[in-house]
Amino acid sequence: MVKHRPERDSWGSLNDKNVYEWSSEEEEPDGRARPIQVLLVKDDHTFELDEAALSRILLSEEVRDREVVAISVAGAFRKGKSFLMDFMLRYMYNHASEHWLGDASEPLTGFSWRGGSERETTGIQIWSEVFLVDKPDGRKVAVLLMDTQGTFDSQSTLRDSATVFALSTMISSMQVYNISQNVQEDDLQHLQLFTEYGRLAMEETFLKPFQSLIFLVRDWSFPYEFPYGQEGGMKFLEKRLKISENQHEELQNVRKHIHSCFTNISCFLMPHPGLKVATNPNFDGRIKEIDGEFINNLKILIPWILSPRNIDVKEINGSNITCRGLLEYFKAYIKIYQGEELPHPKSMLQATAEANNLAAVAAAKDLYNKKMEEVCGGDRPFLAPNELQNRHATIREEALQLFRGVKKMGGEEFSRRYLQQLEGEMDEVFVQYIKHNDSKNIFHAARTPATLFVVIFVMYVAAGITGFVGVDIIASLCNMILGLALITLCTWAYIRYSGEYRELGAVIDQVAGALWDQGSTNEVGITKSQALYKLYNVAANHRHLYHHAFPGAHADGAAQERDKKKD
């Protein structure tokens, strides 16, 4: 679909020019090349790859089996990335001529750009025409130009910025890192974060994961220290990335990480394009309005990046990649970022607040464990359950007060979930202390055999009395229960001695516990109906053990059930 709309051009200005937008489902309206949106960032901060549009570019017959050179420009938003890309386009279309910049009165067109404070590019855009370039060794390679969404705009999360930057770095063979005025420490830290986020998504390799990185420092204001251009840029970059013994470990790690990620790192210093460019609301990219010194360095910069002998063919794990292969890698990488396999990058404040709160949780939990050990841990004697509960409540409150008293970043709302985490962890640990304390109670340990002995004794007496008065059926039933209790007691003793069939032993303990609870209703405050319900649950939950022990009886019962259905 073609749309003609007024647009505010770079560095300022409203100017009426043709801007064409089309979807992958439509044919290009007039056959002219244009930027194509291949990676879309949705309103819910998820990513979608327009595979049809990308395939249309990379699988065209002329380029699909050619080795590919992918050149991308990335960096903070509103720093002139798209403006620079359009000069690259002019060079690619006119590089055979010394006057590739064209007419000084011609407006700058290509990738959409404008001045002002709001972002223009979103996601990743690729120029629809892939350029064929002859390398000095005779190979004809395909050159792809990519423009990316600027980082740290007001509508993007840190994950959005990291994903777009990481994807462009993973896909490109030459990444231009567009920076304003100076290479500051935060620029290096952001580069470390974004490249690490990209390296996480790639297969582990002993080779450096990325190829060429070019620091492009715009509006450089110190040419008396380091002159404009590549030579001054390399001296400046060498100083910025130098690792010295007196540096803090954090600063050393940032620089080591950058060196470990890229096979080739370079730098170019560019002057300011002039006040007329920065302040004129009607500026539309005409060369005659740009500062001469900027133009002179631009004539050096663009060929330095794009000349046939300087462009780098895309490599992955040491193998050259074709346009067809790049499409598959693009699809594979975006699937990783669409899922939840990778951790979400966090801002410095959020990461510090999390570490701060986790440290407070650890300190409070350590206090709780230490005091509970003094109460019932190790070789401490058995403590009455009520007393243990009271001591737990007191110590738990002390630990919570310690957590609340620690100064924490992130605010009360942020720390509330860590408070809930602490409460849950202490309650889980308390359950273990209850079990440990109960194991010290000799009567608790002997509860199962004592219960079975009582059952045997009661059934023995009941069988004798009912047999004496002539109620033989009840006497036989009591003798059967007595024998079953005796077998159960012997089985329990064997399990405790040998350590085998522990699941069956746990069932016996639960049944005995239910009977014990029923017999001690007044002491523990449990009604007989609750005890019987508990006994029923134990039997229902572990009936498979009975079937495992007596498979014949289970089979006979199933056969009888089938016979009844037939009748």
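This is a predicted model: local features need pLDDT of at least 70, side-chain atom pairs count only at pLDDT 80 or more; totals for chains, interfaces and linings use all residues.
1. Asp-137 is exposed, its relative accessible area being 51%. That value counts as exposed because the class begins over 50%.

2. What does Asp-137 pair with? Asp-137 forms a salt bridge with Arg-139, and 2.9 Å separates the closest N and O atoms. Arg-139 is partly exposed, at 32% relative accessibility. As background, side chains of opposite charge can pair when their charged atoms come close.

3. A second pair is found in helix H9, which covers residues 323–338. Lys-331 and Glu-328 form a salt bridge there, with the closest N and O atoms 3.4 Å apart. The two residues are three apart in the helix, so about one helical turn separates them. Glu-328 has a relative accessible area of 43% and is partly exposed.

4. Helix H11 (residues 385–405) holds both Arg-391 and Glu-387. How far apart are they along this helix? Arg-391 and Glu-387 are four residues apart, about one turn. Their side chains meet in a salt bridge, at 3.9 Å from N to O. The cut-off is 4 Å, so this pair counts as a salt bridge. Arg-391 is partly exposed, with 36% relative accessible area, and Glu-387 is partly exposed as well, with 34%.

5. Salt bridges can also share partners: Glu-67, Asp-137 and Arg-139 are joined into one network in this way.

6. How many salt bridges are there in the whole structure? A search finds 13. Among them are the pairs Arg-139 with Asp-137, Lys-331 with Glu-328 and Arg-391 with Glu-387.

Notes
Residues are numbered from 1 along each chain as its sequence is written. Side-chain values use heavy atoms; hydrogens and water are left out. Buried means under 20% relative accessible area, exposed over 50%, partly exposed in between (1.4 Å probe, protein chains only).
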